[in-house]
Structures are given as structure tokens and as C-alpha cells.
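Please look over the fold and the charged side-chain pairs of this chain. A short report is set out here.

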Amino acid sequence: QALVQTLVVWLDMYPEDLYEPPQFSVLHQLLDLAQAQLEPGSSLELRARQRLQVFLARDPEKEGPFFKPQPWSVVFGNSWPGAQARAQIAGGPLWLQDLAEEHIARQLTWMDADLFRRLVPHHCLSAMWRKRGPRDWAGTVHNTATATVQQFNAVSRRVTSTLLWERWDESNRVRLLAKWIGVAQELRLLKNFSSLKAVIAALQSNDIYRLSSVWARVAPDRLQTFLELARIFSSEDHRLSCRELMLKEGTAKFADTVGDDDRQLQKAMQRQLAAGSPGTMQGTVPYLGIFLTDLTMLDAALPDELPGGLLNFDKRRREFRVLAQIKLLQSAANCYSLQPDPAFVAWFDTLPMLSDEQSYRLSCKVEPASSPKRSPLSSGNVVDGDTASLTSTSSQPQSGGSQESLRRNGWTQQRPWQSTGNLQSMMSACPPPTPPHDPDLKVIRVSLDPTLAACQGSPTGVNQGTTLYKSILLSNGDHTPAVVRTALEKHGLEGDPDEYVLAQQLPDSEIVFPSSANVFYALSTAHALNFILRPKKSEPSSPVSTKKSRKPFQLKLKLPSGT
């Protein structure tokens with residue numbers, strides 16, 4: 001009975017899994033199972049037969065893939081032609097001068113929230129889109145996660161294009177830059193972290209960030225607002241990370257401040273209260289790239305199957321935790337009560353999206369790159385247009401999307417988490433910079449002992465004074481032999497784990513882990529998680545017996561000689 005209920009839920013909630021025209025082999029197998037094992041007219045048989053009839057009557061060319069969004073002409077109906085006409089006479093970026101910052105933020109939030117509510121959480125799993133099986137999902141299923149990526153890129157590139165418009169003079173460009181900072185602050189109050197990140201990423205891109213003469217004329221309070229908002233996505237260690245902030249505010253009625261340093265956000269909230277408009281309860285739109293990073297790293301670090309062909313349920317459990325967080329935020333996104341403006345949507349779609357080459361060329365027209373430039377927001381580093389690259393600690397991606405780097409005339413253009421729409425290529429190219437936010441996971445770095453690397457001829461040992469580490473995802477059930485075995489595989493070596501010693505390197509000593517140790521709980525989190533692997537024969541004599549003992553293990557703390 002439990003199996004039948006599970007199959008019925010599968011038929012009702014995930015019909016795209018069973019859409020395999022023209023044979024529909026899985027549906028026919030379910031029908032055969034119901035007819036052979038269950039009574040005639042069972043719920044499973046009826047649901048499977050009904051689903052088969054729907055699939056046979058479906059026209060793929062007319063209806064398109066599953067989850068394909070409707071065009072704006074269908075969403076807005078009769079009001080769409082008038083909105084398009086108004087957008088045509090708006091004058092492109094000129095209309096931006098007449099739009100209120102709050103109105104821009106609310107319209108961007110409406111578009112982002114609509115996409116996020118329609119997101120299918122399991123579409124974020126890279127396993128669904130990688131080419132490991134016979135099923136080509138891209139032919140029958142529209143990737144709703146890619147649609148979110150495309151919207152993020154559209155916002156970021158259109159912010160850049162409006163600031164680099166050739167018809168602006170410097171005064172207009174300064175006012176527009178200040179306006180986009182104000183829009184970012186309104187997005188923060190609306191708890192729209194997706195467009196907030198997109199706007200901040202655009203302002204931190206080299207093409208905009210290098211315009212020192214423009215930044216120098218921006219009001220100090222606006223610069224302070226920009227720095228406060230950029231710090232949310234920075235790689236620095238703050239009391240609340242972007243992830244924690246999103247999850248905290250996902251169930252809150254209003255935006256909250258990160259800390260005492262967020263003075264501009266506090267002032268904005270006080271102005272709302274003073275005006276007698278505390279605001280209505282807002283939803284939350286997260287920066288999806290953070291969750292894509294977690295899922296990508298889990299998929300790369302943990303196998304789908306265990307030895308013996310068993311499913312790796314531990315991996316599925318960890319992925320489910322991430323997807324559950326996405327679903328929680330999706331329910332929070334339903335709290336928005338925003339009304340769309342068809343004219344704004346049509347106008348936004350008409351704004352150009354410049355390529356990296358085009359935006360850099362326009363940026364150089366605004367401010368030539370022949371002489372060294374010092375950004376008004378930099379930490380004192382002089383940027384030379386011929387030899388240096390302009391980067392920002394705040395622009396490093398926390399999301400785990402890919403970074404596109406293009407070197408042009410000595411400049412390195414970096415745009416966080418941009419994609420051409422292919423989610424799988426974006427995720428596969430993305431190096432996971434941080435471990436998943438999971439209390440049962442840690443990332444350690446393991447190097448080889450110099451003698452071991454030399455004896456084995458490993459290319460991953462010490463080379464010209466540089467130690468090469470291999471990163472290993474550590475779970476709370478990993479004991480020393482499993483970690484040693486993984487480290488050997490990472491370094492391209494073979495051998496018996498019992499013949500090696502694993503030790504964590506401390507500033508003045510090291511911790512040696514016996515074979516019975518649970519490395520996850522035994523390691524020291526007060527220091528860097530740097531480990532070294534060496535053969536036992538090179539290990540000095542140890543007071544710990546190699547014989548099996550029924551007593552709990554004790555870690556050996558090796559102190560340097562003479563102490």
C-alpha cells in the first residue's frame with residue numbers, strides 16, 4: 001500500500017519524469033504493474049491511464065517543454081501592446097531619470113519573485129542536467145533555475161549599459177550611479193537579494209568601478225550605502241553571512257540590519273517610520289547562487305552510489321536540506337503584494353545588454369585607461385592600466401556561479417555568476433570556494449610528506465618550496481582509514497591506508513590520528529584544517545600501541561624537541 005501511494009504521488013506531482021514520447025515505457029510498466037498486482041480499477045491504474053491519455057493528446061510543438069513560462073503578451077493580455085508603445089517612446093535609459101528608486105526596486109522584485117515562485121527546487125540539482133544517463137531532460141523540461149540565472153544576468157548587464165550610455169555627460173552619469181545605489185538600498189528593504197546582488201555586481205565590475213572621476217562626485221552617504229550593501233556579499237568574515245541573513249529574514253516581516261555598521265540602512269528604516277509608513281510585510285527573494293554552490297559541491301564530492309550498487313542516501317539527505325531551505329524561502333516569497341507595471345517590464349526588456357567587449361570599450365571612452373587609476377573605493381592599491389587588474393574583495397562570488405575573466409589591454413574583467421543560460425556548464429566550471437553550510441561537513445586540505453612524494457614520483461608533492469594540497473569533503477562519519485584512502489586517490493596514489501599516518505598540522509605541533517579516530521570530531525577547529533599524509537615507516541616511534549585496544553583512543557599531540 002505504501003508503494004502504491006508513493007507511485008500515485010509521483011504521477012500527480014512529477015509528470016515530467018514520465019513523459020517519454022512516443023513509447024511512454026514507464027507509464028506502460030506502471031499500468032502493467034497495477035493490472036497484475038492490484039484489483040481492477042485501482043487508484044494507481046486510473047491515475048496512470050489518465051496521465052497516458054493526457055500525454056498522448058499533448059502537442060509538444062505548441063505547448064513547449066514543461067514549466068516553460070508564458071510570454072509577457074499572455075501575462076499582461078490587452079495591456080501589453082500599449083505598454084510596448086510607451087516603452088518605445090520612453091527614450092531608452094532616459095526614462096530612468098524620471099522613475100522613482102522605490103518603483104524600480106518594486107518592479108524588479110516583482111519579476112524576481114515571480115521567477116522564484118515558479119522555480120522547481122530539484123532543477124537546481126546538477127545531477128539532473130549532467131550527461132550521465134539516456135534521458136535528455138533539456139528536450140522536454142524547461143530549466144527554471146536557468147531562468148533565474150538569465151534574469152540575474154539581465155539586471156546586471158542592463159545596469160551597466162544604462163551607466164555607460166554614450167549620450168550621458170558626467171553629471172548625468174553621477175546622478176544615475178547614485179540612483180542605482182538608491183535602488184539597491186530599496187531592494188535591500190524589500191529583501192530582494194537576487195537583484196541586489198546583480199546591481200552590486202554591476203557597480204563592482206571593472207567597467208563601472210574604474211570610473212574614478214564619476215565615483216569621486218557621488219555623495220558620501222551614497223558611497224557609504226554602497227559599501228554597506230556590498231559587504232553583505234563580501235568574502236570577509238562578518239557576524240552574519242549572506243546565507244544566514246537570507247534565512248533569518250526569510251521568515252521575518254521586514255528587513256533587519258546586519259549590525260552596528262549598517263548606519264545608512266538604519267537611517268532608511270527610521271525615515272520610513274517617521275513618514276508613518278512602516279510598510280507592509282515583505283517576502284524574500286534569495287540569491288540563488290549560494291544554494292547552487294552547495295549543491296554543486298555536494299554532487300562533485302559525494303558519489304551517487306556506494307560500493308555494491310547501493311544508493312547513497314547520505315548524499316540525498318544533504319541535498320534535501322538545501323532544497324528544503326529553497327522551499328522555505330519560496331513560501332516566504334508569497335508574502336509579496338506587488339503590482340506589476342507593464343510599461344516598466346516592456347521598457348526594461350528594450351534596454352541593451354552589452355557584451356564585455358562593448359562595455360569595456362564604452363568605459364574607456366568615458367575615462368581612458370592610458371594612465372594609472374586609483375578607485376575612490378579602493379584600499380590604497382594603485383591600478384595600472386597596463387600591468388594590473390582591478391578587483392574588489394566585495395565582488396568575489398559567494399554563490400558559486402562561474403566567473404568570466406577576459407583580459408583586455410591589461411585589464412581583467414570579472415563578472416560574478418554570469419551564464420549564457422546553460423546551467424550545467426555554469427555549474428561545472430565553478431570552483432567551490434567555500435564548503436556547504438552544513439554542520440555535518442568540513443573541507444580539509446591534505447598534502448603529501450616530501451619523502452612520500454619523492455618516492456612515489458607524485459607530481460603533487462613539494463615543488464620549489466610550494467606545497468600542493470588536495471581538498472577533501474569530510475563528513476561526521478569519516479574515520480582515519482577512509483580519509484587516508486580518499487587522500488591517496490586525490491593524489492593519484494595507491495596503497496593500504498593502514499600503512500600511512502594522517503596528521504593535522506598546527507603552528508607548533510601536530511595531531512596524529514589513530515586508525516580508530518573519527519577525524520571529523522577529533523580535528524582541531526581552532527587552527528587551519530591543513531593535514532599531511534606520510535608513510536608509517538617514516539613516523540618516529542610512538543607511545544601509542546599498534547595493537548587493538550578496547551579502550552577509547554587518545555590523540556597524540558607531538559611537541560617540537562626541546563619543549
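## Overall make-up

This is a predicted model. The chain holds 23 helices and 10 strands. It has 563 residues, and 50% of them count as buried.

The accessible surface of the chain is about 27,900 Å². Carbon and sulfur atoms make up 52% of that surface. Among contacts with a separation of 6 or more, 75% are between residues 24 or more positions apart.

## Salt bridges in the chain

Side chains of opposite charge can pair when their charged atoms come close. In this chain the count is 15 salt bridges.

## A pair in helix α3

E45 and R49 form a salt bridge through their side chains, with an N to O distance of 3.0 Å. Both residues sit in helix α3, which spans residues 43-57. They are four residues apart, about one turn of the helix.

R49 has a relative accessible area of 33%, so it counts as partly exposed.

R217 is partly exposed, at 44% relative accessible area. E170 is partly exposed as well, with a value of 35%.

## A pair in helix α17

The side chains of D314 and R317 form a salt bridge with an N to O distance of 2.4 Å. How many residues apart are D314 and R317 in helix α17? They are three residues apart, so about one helical turn separates them. Helix α17 covers residues 313-333.

D314 is partly exposed, with a relative accessibility of 27%. R317 is partly exposed too, with a relative accessible area of 34%.

## A network

Salt bridges also join residues into a network. Its members are D299, D304, K315 and R316.

Technical notes. Residues numbered from 1 in each chain as written. Predicted model: local features only at pLDDT ≥ 70, side-chain atom pairs only at ≥ 80, totals over all residues. Heavy atoms only, no water. Helix = DSSP H or I, 4+ residues; strand = E, 2+ residues; numbered from the N terminus. Buried < 20%, exposed > 50% of the residue type's maximum accessible area, 1.4 Å probe, protein only. Contact = heavy atoms within 4.5 Å. Areas by Shrake-Rupley, 256 points an atom, 1.4 Å probe, with all protein chains shown as cover. Salt bridge = Lys/Arg side-chain N within 4 Å of Asp/Glu carboxyl O.
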